[in-house]
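Let's take a walk through this structure together, one region at a time. Have the sequence and the 3D view ready as you read.

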Amino acid sequence: MKKILKAKTRAVAVVLACTLVLGMSGCKAKDDSKSVVSDKISYTLTEEANQEIELPNSPISSFWFPAELLTWNSEEDTDFAYNVSTVPLQERVEKDKLSTINTTQNKDTKVMAISIMNSSTSGNAPHGKSKFSTNTFSYWQYIDTLVYWGGSAGEGIIVPPSPDVTDAAHKNGVPVLGTIFFPMLEHGGKIEWLNDFLKKDAAGNFPMADKLIEVADKYGFDGWFINQETQDSLTKDHAVLMQEFIKQCKEKAPEGFQIVWYDSMTKNGEMNWQNALTQENDIFMIDSAKNKVADSMFLNFWWGRDELKNSRERAEQLGIDPYELYAGVDIQANGVMTPVEWKNFENGSPSATYTSLGLYCPSWSYFAAETIDAYDKNESRLWVNEHGNPAIDTKVSGSTWKGISTYVVERSVVKKAPFVTNFSMGNGYSFFIDGEKVSNRDWNNRSMADVMPTYRWIMDSEGNNDLKVYTDYANAYYGGNSFRFYGNMDANKKTEIKLFASDLAIEKSMTVSTVLKASHKTTANLVLTMDDGSTKVVKGDKAVSTDWTVVGFDISKLAGKTVRNISLSIAAKEKASGYELFLGNLSILNGALEITDVTSAKVEGCVFDEENMYAGVRLSYEPSGTENIKNYEIYRINQDNSKSLLSVTTNPCSYIDRLERSGESLTTTFEVVAVNYEGVRGKGATISIEWKDNSIPRADFKASITLIPEGGSVTFESISTQNTEGLLWEFEGADVTTSEEASPTVIYQKEGTYKVSLTAKNAKGEDKKEIEGFITVSNKAKDGLVNLALNQNTEASAYVNENEAPTFAVDGDYSKKWCATGNPPHTLTIDLGEVKTISQIAIAHAEKGNESPDMNTQKYKFEVSTDGNEFTEIVNITKNKEGMTLDTFKAVDGRYVRLVVVKPTQGGDTAARIYEVEVYGINK
């Protein structure tokens, strides 16, 4: 068996693959931020990103249809380097060295989580963007495998995990699997996709097996979850080929590569969920010669006691570990309100289960929460129990949610030094370095998420001490958050906070420290439980103050011993109500670490917005070594030599999202530095980009309506560039001939066609836009404009099925849609019956039909023709985000109106979703 390529080697190699070069233009932006000083570095606070700006060179995570993946080449994929996980899978503490924390836990029971880590298959940034909201799952101690759930008929059905998810999971010793999803026919599934997937070459090899292994190896994740539910034209041959395919994957794949099979298709090629391991589906786990096929199976959700009992018995008969069977529980809709007959899962008692547990969509916690506190409460109730304390046995009964800590022992990766955690969730409203806020910009990057405490939360208190724990985003030592302990403390009474399970052999040179701050003077001691059951208390070298305090603990006298649990004991020097303590860091180091320099940096590509005020920049950089790098920091060097933090990442290439131009400068210089586990920065490398001069404004405008009767009014709106300082409108034939307003309204009294012009000015110059015949005044419009497209004949380039046919785009019903899948552009042609005069078109996009705003059409255009052969473009929209659009234009004659959907969604989903097209005008 091959060995998996080490991530630290891959990290250097992928720098060379980061090769996108795009066009450039220029812009202007204000610079009113302030400077602060920390650790001899002068920082200028990075301000909020402009969320309205989207730049086209943002890397996205991968997704494919089978034919696309078969032609995929990492060397030609300009986003490849951004999609590589650089964190190797960490080794966990062996289960026989873990201690159960309550009376019902079972060391053999495992958990597989099939989770929606990103809200869609497409359009996902590999390492986050300048926004706070994302699913920052952090209860990794309770799962053994994460399946990155994704795939749809409109986007792609083979979906590797985004690398930030893999990075976060690997830090916690959790393997991550991509998803292969063959949808049902009614959800857009096609048997052609399954046939492409299972196709053999002349030598009897499956090319797709090689591709799946290649993607997992190069991207750095751990295998695939196969969900085959396409039922149309399914035969026994498909089942036979699928078994052979999985076996070939396992034979060729490196050690550690996993395949998980979902209980759906039977050995006879039928869609028939067994909800158990049976004679109908066990061929996907073991062949007739007793050779292993898939590593494990996720059992469908409709099991009872007999199904799980029989599954265990059959697994044991076949020589399969019954804990490689995962009893599925679907909690997507109702989360912890989902009724589960736990007695059917338990083999006589909670501490003895028939199988392991599979959770479908524990991401409910995130998607059901409206606030951070609600998300935290959802997660605690789901993964721990109703007490929020795994050491207390659950008291619920029947089908009420018990909490995963009822069955599963908490896992840990605390086995060696360096082990450093800043307790970062991987997102924030700000960013802090050494306790100082250096950025006000929202951010998320789950690659920067740290290992969380094993136990959340176990606290033993003396006296009347009573503390609650919160995730605090207003204070952090490094990153975006800390943990805030809040409540009442008696004077000199201890509260012991149980933090980490471990299997840590102490060496003479090993050091331990924590970073805390408190509202009242506080002592902090380290409490270590040794492998012989004894407890050692190590006093902190200083008291905790109201500022971030690094408290060290001398453990040199414990050299040669092994630690099983790490706790922190705190005591306030005086009685305090409203007491606060913030936990910002725990570091276990073993001697001084190498300081790594960044030896070179490169701009791989740069794109600016139309006004040249914002940039999306791709950077790559080379370190002098990779062994001790915890992460990189990327700064903009300001004109006063201060630094503005732009990005923090674990990856050797980075995308700078929505970079705002600083003043009228034509140059922006970046610095990239590497930070080791001690928080020490090496020498950085710098690189610059050049902006074009954009000092002269660009004029543009739109109108509320362009075809009106005599006496009708029109409201105009300037959409000129932001550097415009003055406007001059000129209206031919209107009651007002000139205006300097941003949005003037004028009246036209006589029939005819009239010119409109707008001049945009500033101190550097001016620009004029003029449209002849832009406004048409005709008394044929006195009764208003009519929807000429209603119930007319339509043709489309494609549609999913008869329930989503093109006719539904002109039926006047916003609850029905035309949907086309496949690669864009998608076209819809409407025959108005005869030549009409049209001047505006409305579209009801996905959001109007109660779908996600992410599915709204981003780029589209309209073309018109009198004969159906020669078409002229009348509308071209490239930045739409709205669910309902109205585009006005100079009145034009035509019989055929063609909608061309160029970019169907805000992300990478390629399916057009059009709920209505309304073409407004008058009869000639």
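**A strand end, a helix and a cavity**

Lys539 is found in strand S25, which covers residues 535-539. Keep in mind that this is a predicted model. Is Lys539 buried or exposed? Its relative accessibility is 67%, and because exposed means over 50%, Lys539 counts as exposed. Leaving aside residues up to four places away in sequence, Lys539 touches Ala524, Asn525, Gly552 and Phe553. Glu436, by contrast, is 103 residues from Lys539 in sequence, with 27 Å between their C-alpha atoms.

Next, turn to helix H5, residues 207-219. Its 13 residues span 18 Å from the first C-alpha to the last, close to the 18 Å expected at 1.5 Å a residue. Which residues of H5 are buried? They are Met208, Ala209, Lys211, Leu212, Ile213, Val215, Ala216 and Tyr219. These buried residues pack against several elements, including strand S6 (176-182), helix H4 (191-197) and helix H6 (236-252).

A search of the whole structure finds nine cavities of 30 Å³ or more, and the largest cavity holds about 410 Å³. Its lining consists of 26 residues, with His127, Leu646, Ser647, Val648 and Tyr655 nearest the centre. By class, 12 of the lining residues are nonpolar, 10 are polar and four are charged. Where in the fold do they come from? Strands S18 (443-444), S32 (643-649) and S33 (653-660) each supply at least two residues of this lining.

Note on methods. Residues numbered from 1 in each chain as written. Predicted model: local features only at pLDDT ≥ 70, side-chain atom pairs only at ≥ 80, totals over all residues. Heavy atoms only, no water. 1 Å grid on protein atoms, 1.4 Å probe; cavity = no way out; pocket = protein on both sides within 12 Å on 5 of 7 lines; lining within 4 Å. Points joined across faces, edges and corners; volume = space filled by probe spheres on them. Helix = DSSP H or I, 4+ residues; strand = E, 2+ residues; numbered from the N terminus. Nonpolar A, V, L, I, M, F, W, Y, C, P; charged D, E, K, R; others polar. Expected span 1.5 Å × (residues − 1). Buried < 20%, exposed > 50% of the residue type's maximum accessible area, 1.4 Å probe, protein only. Contact = heavy atoms within 4.5 Å.
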